[in-house]
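Please read it with the structure open.

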Amino acid sequence: MKITKICCIGAGYVGGPTMAVIAKNNPHIKITIVDINAERIAAWNDADVSKLPVYEPGLAEIVKETRNKNLFFSTDINTAIDESEMIFISVNTPTKTFGKGKGMAADLKYVELCARNIADIATTDKIVVEKSTLPVRTAQAIKSILENTGNGVTFDILSNPEFLAEGTAIEDLLHPDRILIGGESEEAIDSLASIYGSWVPQENILRTNVWSSELSKLTANAFLAQRISSINAISELCEHTEANVNEVAKAIGMDSRIGSKFLKASVGFGGSCFQKDILNLVYIARSYGLNEVANYWEQVIIMNDHQKRRFSDRLIKTLYNTVSGKKIGLLGWAFKKDTNDTRESAAIYVTDHLVSEQAHIAVYDPKVSAVKIQTDLNYLNTRTEAENLKYVASVENPYEALKNAHAVAIMTEWDEFKTYDWKQIYTDMKKPAFIFDGRNILDKSNMEAIGFEYYSIGQ
Ligand code: NAD
Ligand code: UDX
């Protein structure tokens, strides 16, 4: 099938950047990204590209280049479905918060709604592409919904999971390690492969059966997260043995069988994917009665929760076992640098714990708004909104966050944190002045030379 029009349902962190890059490389294809969230679509259409709902280095430039030429953002979902030959489903698949599988399984209601929407509207044959991360065998459910419409339309379902990481999404999309396409119909796979083929070499486009493709996405995230939990487990041992986790990571990473990436010890991984996808993997394994498999992967999450908790425990213990009434300056709220996304950020959990101990937190993050910070805390339901507002303030200037603070906690590895005037910060803080560097971004000996008591992860 020659593709001239694409619809992408879901204008989020994946749909937006992915379609922008496809549009840039396929100027002859009209791409419409649709969403039920009108506010989000309006932000994508904002003439001021600094107001796009997703912050990613390089994204605004591509949107500027393609928007209203061959890339469109709209709330008119039905028209976009009707006119397109290919439809990407790129909606959120969060962990279920209710019913069977609560706290573990992926909530597929948004995906199912998309399938039903497509089934209702489609009058011509379509290729439906699963771009969202889905449990293995979801394509079966989508197929069943689509095929029971009885309107004679043929649907081909492909699994095409996305491997971009936030903060480097554009770079990852422009130079992907691989594109994975799972499906039955060679013709449909060829159609999708030719779209990627406009900038990705064909040998990097991997074709598998649909189930391998779905499971590969969960497995990739589980393996990546497992490396972080592994090095974080070693970081705790380092703190008791005077080994240095950075040195250990470098030493093991030089073994080409291990490799050097994803070995940065940290306050714990965050983001919308790792925890959700591993919990989902654990749930699927358990549902097949594979308890050893489930327990094995669950340990990655248990270790990550432990790492976040022990960071705040250590801070409290070091501040003479109490943070009550003390000011803690928090640098960074996003789950990693170069994104405005805060989902599952370690900063949320560390703050929640410190506020439960009555600490006063002043947060500075270059890309996260005060409203978002309060929303994240309120979502935990630990205390009232008024109490969160009382204990947690967001400030626009990092020096203000740290002025008169008893301690600094670095939650995100934003580059700008390294270049602050740390001598000035030391002068302005209460003494002794403590730094808890959850990202190991500052130099221990420099900080100690200034006068700080410096604590980091695994050294
Ligand atoms: P997101 O929450 O940023 O965006 C999803 C969008 O879908 C929202 O704007 C929502 O309003 C919209 N939506 C939901 N139901 C809809 C419907 N029925 N019709 C129209 N719009 C609807 O989510 P995201 O981060 O872009 O993730 C999307 C999927 O991609 C998830 O399955 C996720 O696991 C996967 N994924 C995410 C990343 C990442 O880095 N964020 C990377 C790879 C894969
Ligand atoms: C991840 C996967 O990398 C990506 O392939 C998938 O498509 C979506 O999930 P993302 O969550 O956006 O991407 O970012 P990633 O770079 O993987 O970081 C996830 C978390 O792990 C962040 O909190 C990051 O700070 C942390 N991390 C990462 C570490 O603590 N140490 C590391 O060595 C690497």
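The points below cover the salt bridges and one surface patch.

1. Basis. This is a predicted model, in which local features need pLDDT of at least 70 and side-chain atom pairs count only at pLDDT 80 or more, while totals for chains, interfaces and linings use all residues. Residues are numbered from 1 along each chain as its sequence is written, chains are lettered from A and ligands numbered from 1 in the order in which they are written, and side-chain values use heavy atoms, with hydrogens and water left out.

2. Salt bridge count. A salt bridge here is a side-chain nitrogen of Lys or Arg within 4 Å of a carboxyl oxygen of Asp or Glu. By this rule there are 26 salt bridges.

3. E298 and R286. These two side chains form a salt bridge, N to O 3.0 Å. The pair links distant parts of the chain, with E298 in helix α12 and R286 in helix α11, 12 residues apart. Helices (H or I, at least four residues) and strands (E, at least two) are DSSP runs, numbered from the N terminus. E298 counts as partly exposed because its relative accessibility is 22%; R286, at 32%, is also partly exposed. The classes are buried, under 20% relative accessible area, exposed, over 50%, and partly exposed in between (1.4 Å probe, protein chains only).

4. D415 and K337. The closest N and O atoms of this salt bridge are 3.1 Å apart. D415 lies in the loop between β12 (407–410) and α17 (422–428), and K337 in the loop between β9 (327–331) and α13 (346–356), so the pair links distant parts of the chain, 78 residues apart. D415 is partly exposed, with a relative accessible area of 38%, and K337 is partly exposed at 25%.

5. R439 and E413. Here the closest N and O atoms are 3.8 Å apart. R439 is in the loop between β13 (434–437) and α18 (444–450), E413 is in the loop between β12 and α17, and 26 residues separate the two. Both residues are buried.

6. Network. Salt bridges link E236, E239, R310 and R314 in a network.

7. Surface patch. Y288, L290 and V293 make a nonpolar surface patch of about 300 Å². Patches take residues with over 30% relative accessible area and no salt bridge, joining like charges within 9 Å and nonpolar side chains (Val, Leu, Ile, Met, Phe, Trp, Tyr) within 5 Å; areas come from the Shrake-Rupley method with a 1.4 Å probe, and for residues only the protein chains shown count as cover. Y288 sits in the loop between α11 (274–287) and α12 (291–318), and counts as exposed because its relative accessibility is 55%.
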